Amino acid sequence: MSEPATDPLPDPSIARAQASGSTGSAGGSSHRRLLALIVKEYAQIRRDPSTFLIAFAMPLLLLFLFGYAISLDPRETRVALVVQDDSAPAARLAQAYVHSPYFDVTPLNAVIPARALMEEGAIHGFVVIPPDFGRSVARGAPRPIQIVTDGTQPNQATFIASYAEGVRLNWMASEMAMRAGEARATGMGPPIDVSQRMWFNPGLQSRYFLVPGAIAIVMTMIGTLLTALVVAREWERGTMEALLATPMRMIEFILSKVLPYFLLGMGSMALCTVIAVTAFGLPFRGSIFALFAIAAAFLLPALGLGLFISAGTRNQFVASQVALLASFLPTFLLSGFIFEIGSMPWPIQALTYAVPARYLIPALQTVFMAGDIWPIILPNILIMLGFGLLFFILCFRATRRSLD
Amino acid sequence: MADPIAPSVGVAAPVATATGIVKIFGEARALDGVDLAVVPGKVTGLVGPDGAGKTTLIRVLAGLMASDEGAVSILEGPPAERLDAIGYMPQRFGLYEDLTVRENLVLYAEMRGLPREAQESVFRRLLEFTDLARFQARPAGKLSGGMKQKLGLACALVSTPPLLLLDEPGVGVDPISRRELWAMVAELTREGIGVLWSTAYLDEAELCDTVYLLSEGRMLFTGPPAELTGAIHNRVIRVTGFAERRREALTRALDRPDVIDGTLQGRAIRLLIGEGEKVPDAAALDMGPDTQVTPTPARFEDGFIERLGGGPEGTSALAAAYREIPASDAPAIEAKGLTKRFGEFTAAQDVSFTVPRGHIFGLLGPNGAGKSTTFKMLCGLLTPSEGSGSVAGYDLRRAAARARSSLGYMAQKFSLYGDLSVAQNLDFFAGAYDLSGAEAREAIARVTEIFELGAHLKRNAGTLPLGFKQRLALACAVMHEPPVLFLDEPTSGVDPVMRREFWTHINGLVRRGVTVLVTTHFMDEAEYCDDVTLIYRARQIASGPPDSLKAQAARLTGKDDPTMEDAFIALIEASDADGEAEEAA
């Protein structure tokens with residue numbers, strides 16, 4: 001029969017598929033049902049502001065946080081410098097501190113006001129160059145300087161201590177060089193010259209490794225959390241019951257969740273990458289193909305885990321809690337993007353091998369910083385695909401076509 | 001044993017049969033050897049209180065659950081292979097709230113493989129049938145309850161299945177929508193569809209062709225509803241002539257050995273006489289000189305009560321132990337122009353009434369009409385935008401806490417702590433109502449004895465049978481002997497014997513001077529009220545004793561002896577007509 005043009009179907013794709021779909025049996029064909037479920041899912045994603053926020057607003061927020069606000073590099077930390085010696089070497093050391101890009105130095109001449117500033121929280125540490133410092137240097141046995149840090153913020157304290165020590169070592173080296181220059185004039189050989197170069201991330205900027213981490217977080221949220229929530233929502237609102245009473249097969253239902261959220265995750269990942277490269281100036285030395293292959297390999301276990309969780313819980317609140325514990329936190333803490341895996345105690349290190357994101361981070365970092373180094377990327381992709389297979393098997397075993 | 005589903009002559013083969021179905025959840029036998037058949041072209045009623053096993057049986061029929069014993073056959077095949085023959089509407093209708101009316105229809109049409117060339121004509125027919133054509137582009141979540149129900153029905157009907165399973169389609173829907181739904185189902189049966197309609201409303205049973213009465217997982221009765229009522233048709237009487245003393249009269253009547261059940265019906269009482277007893281006349285009842293006895297038609301509910309072994313005695317142990325609420329000139333509950341606005345939306349507009357001490361007052365209305373808003377303002381849970389109110393003489397604006405402490409509150413679905421034991425619930429509510437150590441112990445011991453909770457004290461409240469949940473909820477609400485009781489749909493879904501027991505307590509308390517405010521969309525509960533007010537679209541459209549509302553309805557419709565539900569529908573329709581006339585003017 002012919003239809004009036006004023007009755008549009010909600011999606012033209014249904015109309016297009018009409019010719020092929022109408023030959024199905026009374027129970028309907030599988031691809032028609034799958035298509036109808038995907039069209040439904042698409043309409044829901046489009047209308048649900050929370051999905052949109054998680055897929056597009058959250059990546060922007062995370063990138064902004066990791067790109068600008070959170071930085072693991074110490075910059076312009078406020079410290080005081082107490083110089084109790086007026087010799088030339090002491091002045092040169094003091095200059096070295098003042099010129100260091102890491103410190104915002106307040107010069108003082110006594111320890112007591114420095115302690116007062118510490119107690120106020122105005123400074124986070126101070127360095128004391130002791131009396132007689134210049135003379136001890138001249139003797140060839142420099143007196144130790146004192147570095148005092150605010151232990152209430154242990155990370156910062158460690159940074160201040162090591163950077164302050166670094167400044168002193170640099171100063172020592174230049175003092176030695178000066179003396180060597182003098183010595184060369186008197187016929188002695190040059191000292192060993194060490195020059196450091198950092199490969200792949202010459203400025204050692206933390207955003208270079210935080211941004212790939214943000215991409216991992218975003219894909220985890222979409223793949224696991226969002227998927228677990230939307231399936232649990234079908235159970236909670238009773239729509240699952242109505243769907244199960246139709247001739248739908250479970251594989252159709254699962255595919256109707258996997259495909260849209262896979263595309264959403266890839267889209268969100270692409271958005272992150274574009275912003276990371278254009279707005280944050282991240283290098284992108286690999287190929288787009290490698291990037292998409294890595295992301296796709298990671299989304300499989302993420303989606304599989306999300307579906308597995310919702311098959312077991314059938315409740316949005318519990319599903320979100322389990323998804324946070326089983327995927328978000330491990331991705332955050334154990335994937336190595338913030339906390340280096342090499343410096344974790346060995347039982348925790350062992351645990352990281354069970355976190356799919358652990359294999360995503362090095363692969364992503366390689367594509368961004370180094371290029372398509374397949375011997376690094378490929379094993380990681382294979383391991384992630386293995387996890388994906390495992391989670392999907394678990395998911396199919398846990399999903400029964402029944403309300404029991 | 002004879003086949004319990006003896007098919008009458010000339011009836012077509014059933015579209016669905018279930019034989020000997022047993023379904024066990026943990027320890028509980030949700031279904032215990034149940035037989036059922038759905039015949040084409042007929043409405044088969046699956047009737048029973050909440051928790052009887054109706055939903056479980058429907059899910060077994062729909063192929064959503066496997067039974068532990070017994071066999072199900074849909075069109076002579078297992079349900080899993082006949083999914084395209086079953087139209088199923090779950091309790092919450094199974095609609096996608098963020099999809100439009102049309103998108104929901106398309107989804108279910110595609111899921112059920114309705115040929116695409118047929119879709120347009122099927123949708124047009126269904127949309128016309130359900131009167132939803134104007135709302136095609138509206139998201140399902142933005143439809144009213146009645147409209148959602150119709151859309152759920154349309155979605156279950158897209159592939160014109162020979163079997164339609166409706167799981168409590170009437171719950172929470174106003175009586176007008178319920179009537180419209182019945183009309184639609186009647187039309188479907190004329191087309192030959194076999195309909196299974198499950199319900200907890202016993203009045204709906206009378207509309208079915210065949211009824212299966214389910215109670216605690218067993219069939220109590222199978223057959224046409226008239227067969228159940230026929231067995232008692234000359235044993236139901238209506239007694240009038242004691243308007244002001246009707247509660248006392250009911251108590252005395254129920255205490256008689258020959259009376260097995262009785263209810264208030266406005267100013268009259270309605271009694272069911274035991275089998276083999278002589279139906280008493282006015283003299284035998286001995287209730288005063290004006291007493292008149294008239295026979296009255298038996299209802300399905302009377303038959304159910306008889307099958308359950310009769311209702312409780314008329315004397316309430318709770319009322320006997322309750323303090324006498326002192327008389328006072330001030331009204332116990334007063335609402336003066338209560339208005340609540342949420343932004344642009346007015347949820348309650350100028351609601352006013354007074355309830356004197358020792359009266360039951362009912363707030364009636366469809367869901368979303370403003371009953372709960374009014375109720376919450378009187379509880380002090382919502383601050384009125386305008387107007388004022390008082391409870392037990394305490395002004396809600398100035399002494400909300402004192403007003404609250406002088407009322408006992410029983411929420412819909414009982415709001416007990418399901419994970420706490422019965423004893424812990426009692427302890428908690430004693431504390432919440434500020435009873436001190438010795439008082440609390442005494443109050444808990446008293447209600448434990450009255451409500452026979454002793455055997456269940458250690459059990460978690462969530463696992464109690466519905467009747468005990470209701471007793472516990474009432475026990476918690478009256479432990480501090482408040483002068484005022486607020487009841488929110490207190491007996492919807494419970495079986496009629498438990499409902500009788502509940503109202504026996506309430507009637508007893510009222511005679512002690514307790515004042516009761518009830519919200520309900522359940523017309524039976526309205527009959528127990530001295531006065532009711534009907535709230536519709538945030539306004540009071542009618543107020544007065546149930547009998548005078550029925551009289552108004554009789555004038556409006558020309559029907560003599562309308563039920564409370566008839567009155568409800570007539571008054572709402574009259575209000576809609578007035579509204580349209582106003583708009584036109």
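Which way does α12(A) cross α16(A), left-handed or right-handed? Hold that thought for a moment, everyone, while I cover the ground rules. This is a predicted model, where local features need pLDDT of at least 70 and side-chain atom pairs count only at pLDDT 80 or more, while totals for chains, interfaces and linings use all residues. Residues are numbered from 1 along each chain as its sequence is written, and chains are lettered from A and ligands numbered from 1 in the order in which they are written.

Back to chain A, then. α12(A) passes α16(A) in a left-handed crossing; left-handed here says that the near helix is turned anticlockwise from the far one by less than a right angle, and right-handed that it is turned clockwise. Helices (H or I, at least four residues) and strands (E, at least two) are DSSP runs, numbered from the N terminus. The two partners are helix α12, residues 288-313, and helix α16, residues 374-398, of chain A, packed at an angle of about 20° with their axes 8 Å apart. Axes are lines fitted to C-alpha atoms, for helices over the stretch in contact, and angles run from 0 to 180 degrees between N-to-C directions. α12(A) and α16(A) are therefore roughly parallel to each other (under 35 degrees is roughly parallel, over 145 roughly antiparallel, 65 to 115 roughly perpendicular, and the rest oblique). By class, their contact has 21 nonpolar, three polar and no charged residues. Nonpolar covers Ala, Val, Leu, Ile, Met, Phe, Trp, Tyr, Cys and Pro; charged covers Asp, Glu, Lys and Arg; the others, Gly among them, are polar.

Now the domains. Chain A is assigned domain 1 (30-69 + 205-398) and domain 2 (77-185), with bounds from an automatic or database domain assignment. Taken over C-alpha atoms, the centres of domain 1 and domain 2 of chain A are separated by 48 Å.

On to chain B, and its open sheet of six strands. The order is β19-β20-β21-β16-β22-β23 (chain B), with mixed pairing; two strands pair if DSSP finds at least two bridges between them. At the edges sit β19 (407-410) and β23 (539-544) of chain B, each pairing on one side only. Neighbouring strands of this sheet are turned by 15° against each other on average, direction ignored. Inside the sheet, β16 (residues 360-364) and β21 (residues 515-520) of chain B run parallel and share five bridges, with Phe361(B) opposite Leu517(B) in β21(B).

Chain B has a helix pair too. α16 (residues 466-478) and α17 (residues 496-511) of chain B pack at about 15°, axes 10 Å apart. That makes α16(B) roughly parallel to α17(B), and their crossing is right-handed. Gly467(B), Gln470(B) and Leu474(B) of α16(B) meet Met498(B), Phe502(B) and His505(B) of α17(B), where contact requires C-beta atoms, placed from the backbone, within 7 Å.

Last, two hairpins in chain B. Strands β1 (residues 16-25) and β2 (residues 28-38) of chain B run antiparallel, joined by eight bridges, and Ala18(B) has Leu36(B) as its bridge partner in β2(B). Two residues lie between β1(B) and β2(B), and Gly26(B) in the turn has a positive phi of about 60°.

Which residue takes a positive phi in the hairpin of β14(B) and β15(B)? Gly343(B) does, near 60°, with two residues between the strands. β14 (residues 333-342) and β15 (residues 345-355) of chain B are antiparallel, with seven bridges, and β14(B) also pairs in the antiparallel sense with β17 (residues 386-391) of chain B over five bridges.

Key
Contact = placed C-beta atoms within 7 Å.
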